[in-house]
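These are my notebook entries on a two-chain complex, written while I had the sequence and the coordinates open side by side.

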Amino acid sequence: MKTNILKFFGSLALLFAFVISSVTANAGTKDDVTKKGSLNCGVSQGVPGFSNADASGKWTGIDVDMCRAVAAAVFGDANKVKYQPLSAKDRFEVLKSGQIDMLARNTTWTLSRDAGLALEFVGTNFYDGQGFIVRKAAKINSAKKLNNVKVCVETGTTTELNLRDYFKANNLKYEAVAFTKADEAVAAYDAGRCDVYTTDKSGLAAQRTKMKNPAEHTVLPETISKEPLGPVVRGDDQNWKDIASWSLYVMIEAEELGVSSKNIDSMKSTDNPNIKRLLGLEGDTGKSLGLAPEWAYNIIKQVGNYGEVYEKNVGANTPIGLARSGSPNQLWTKGGILYAPPVR
Amino acid sequence: MLINFIQWSKKSLFSNWWNSLITLFCIYLLFSIIPPFINWAILDATFSGKLKTDCTAGGACWVFISVWFEKLMYGFYPVEHIWRINLSFIIFIGTIGFSFFVREKYKLYILFFLIFIFPVIAFILIRGGFGLTIVETREWGGLALTFILAIFGIILSFPLGVLLALGRRSELPVIKYFCICFIETWRGIPLLTVLFAAAVMFPLLLPSGTFVDKLLRVAIGIAIFESAYVAEVVRGGLQSLPRGQYDAAKSIGMGYWQMNFFVVLPQAIKTVIPGITNTFIALLKDTPLIYLVGMAEILGIVNMAKANPYWLGMAVEGYVFAAIIFGVVSFILSSYSQKLEKKFSTENK
């Protein structure tokens, strides 16, 4: 009888030890990802130009290329990514519970999210901001001249709050016509129910293509809010955060140095020490990140530099058609605010 | 014929001035809605092509549906394995079709097969294992996922609901109050909350590193949620039975389970077929809510497809297509239930 009880408690202890061990087996995110053989990347359920699937199931977009860059850095293969579409409402919890390794879902970097959620923003891969679109026929060329207008807007978003702040601060009058869905708000604007439609500028460009005659509308130059969009990782793994951050930085640095996916192999013969370091020919930048020496080469070769990624996904030749010059998403050397710390 | 029609319309459409007014108003509504819709959906529509730019006619762009058709049906399920989903549904439809032709006494076996064996076969076929390549539930989607969730929900929630209904009427206080609490709690929570709890909160409670598949969590959440509704519908049926049925069953020496399974439930369920069908149609129409926890059944795929930069502005086509699919499936469900109702109706014979 006594031995039976002992056996029972013994097996219980074993079971407990097993459960505990399965908890502590959770080492660094990079090791987990390497062991799994693929990067689980949280993306959107479809935001044009940022992350969207095509009819063959292939994902593209600026955020998707961020996932691909990290996969290229870790595995040397940008295609080892599993995309997990997430809604705006469950994205942070899914990241926190470990079901994804990083979140690249056009997420605005704010203080409350960074400090309040035990998460870490790794940088900004797109500087967005709220803007206005009006009919050219209205002859309005500045947001300062918007007075006594009807504005179509989505409810329950920060867009609506920014709109109120802007008109209050500038002492202008407006009437909000609110809708629950972007499609409805755009349709209402297009049908003439409002003089103005407002949302983030990247969204304005995409929504404009839905209008009956896109050429009749113009986006006003002002940007009334700051929406720095960037990838997010869990806050408990500094190494993983660094890998994600520097995957973004090398894409910006590569553009600044004039290295692209097309010329990278011919760049190998360069004498420029910055480029040599970037390509892993001089010094070992991968070592402190725990990556292979050619990690940055793999990112640039397989995904491209920031400029290539931008032009491919949201640039002037895509349906979204966001001109890059004059926007903040331009290198600091060309009047934008993209600035990567030195890769050395 | 014509005179009949005139007489009929005089009697039922224009019997007095306000009936005439309503009739005229309805005719006006039909005339202002139907011709533009037909123009848009058929006459001015584009049916063939590969790109959005092929749609120049000004009407609906059905090219959108044809290009995305595979995704709308199967989500991101790997193309080379789609036959596995198809086979599962053929087995399901085939079994139901087969049940029309077999004798009454074999039908119980078919029901047993559908409830206990078919889910296992379908799960292995669709998910993989036993030599088949594993397809993660992350890649499931489209109409197939709608059906998987609906069928799983129906198969699980029906027996569970029946048991809960019996439990709620049980004379044993522990079982009775447990069932009451269970039913009232689940009926008191919105489905959206259940989905969030299953998809988002549940993993936070598990030790890190242990995973229960997200789709499974959500499917179980939906099934339990619906079972509470099924239970209340079935309880309605149980209460409608006259006391004499119970007494008669007991008087010939039947035990609790025998009495319920052979006397009470067959009569009770028969009377609540319309109510149960209602619940199941509601279940089918609730499935798109899973979009909010990041899964893409047919409506989710429509949302995803219309966000592709090369297909912007196709929302109406996508939603109309999804509406037609949901309409057809709901119609099939309700006409099947009407057939069952007629078949089992003994009252007026």
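How many bridges join strand E8 (residues 130–135) of chain A to E12(A), and do these strands run parallel or antiparallel? I looked this up and found 3 bridges between E8(A) and E12(A), which run antiparallel; strands and helices here are DSSP runs, of at least two residues for strands (E) and at least four for helices (H or I), numbered from the N terminus.

Conventions. I worked from a predicted model, in which local features need a pLDDT of at least 70 and side-chain atom pairs count only at pLDDT 80 or more, while totals for chains, interfaces and linings use all residues. Residues are numbered from 1 along each chain as its sequence is written, and chains are lettered from A and ligands numbered from 1 in the order in which they are written.

Entry on confidence. I read pLDDT as the predictor's confidence in each residue, on a scale from 0 to 100. Chain A has a mean pLDDT of 87, with 92% of its residues at 70 or more, and among its elements H1(A) has the lowest mean, 47, while helix H3 (residues 62–75) of chain A has the highest, 96. Residues 12–25 of chain A fall below 50, and this stretch has 8 contacts in the model beyond near neighbours in sequence, a contact being two residues whose C-beta atoms, placed from the backbone, lie within 7 Å. Where pLDDT is low, the predicted coordinates should not be read in detail. Chain B averages 88, and 98% of its residues score at least 70; for the complex the predictor gives an ipTM of 0.80 and a pTM of 0.84.

Entry on the sheet of chain A. I traced an open sheet of 5 strands in the order E10-E9-E11-E8-E12, with mixed pairing, where two strands pair if DSSP finds at least two bridges between them. The edge strands are E10 (174–179) and E12 (217–219), each of which pairs on one side only, and neighbouring strands are turned by 30° against each other on average, direction ignored. Within the pair of my opening question, A:Val134 stands opposite A:Thr218 in E12(A).

Entry on the helices against this sheet. Helix H6(A) packs on the sheet, touching E8, E9 (149–154), E10 and E11 (196–200) of chain A, and its direction makes about 155° with that of E9(A); axes are lines fitted to C-alpha atoms, for helices over the stretch in contact, and angles run from 0 to 180 degrees between N-to-C directions. Helix H8 (residues 201–208) of chain A lies across E8, E11 and E12, running at about 125° to E11(A). After H6(A) comes A:Asn171, with a positive phi near 55°.

Entry on chain B. I counted 14 helices and 0 strands, and the C-alpha atoms fill a box of roughly 75 × 70 × 40 Å along the principal axes. Helix H6 (residues 142–168) and helix H12 (residues 273–286) of chain B pack at an angle of about 145°, with their axes 9 Å apart. In that contact B:Ala150, B:Gly153 and B:Ile154 of H6(B) meet B:Phe280, B:Leu283 and B:Leu284 of H12(B).

Entry on the interface. The contact between the chains takes 35 residues from chain A and 28 residues from chain B. The elements giving two or more residues to the side of chain A are helix H1 (2–24), strand E2 (52–53), strand E4 (81–85) and helix H4 (91–96), and I note again that H1(A) has the lowest mean pLDDT among the elements of chain A.
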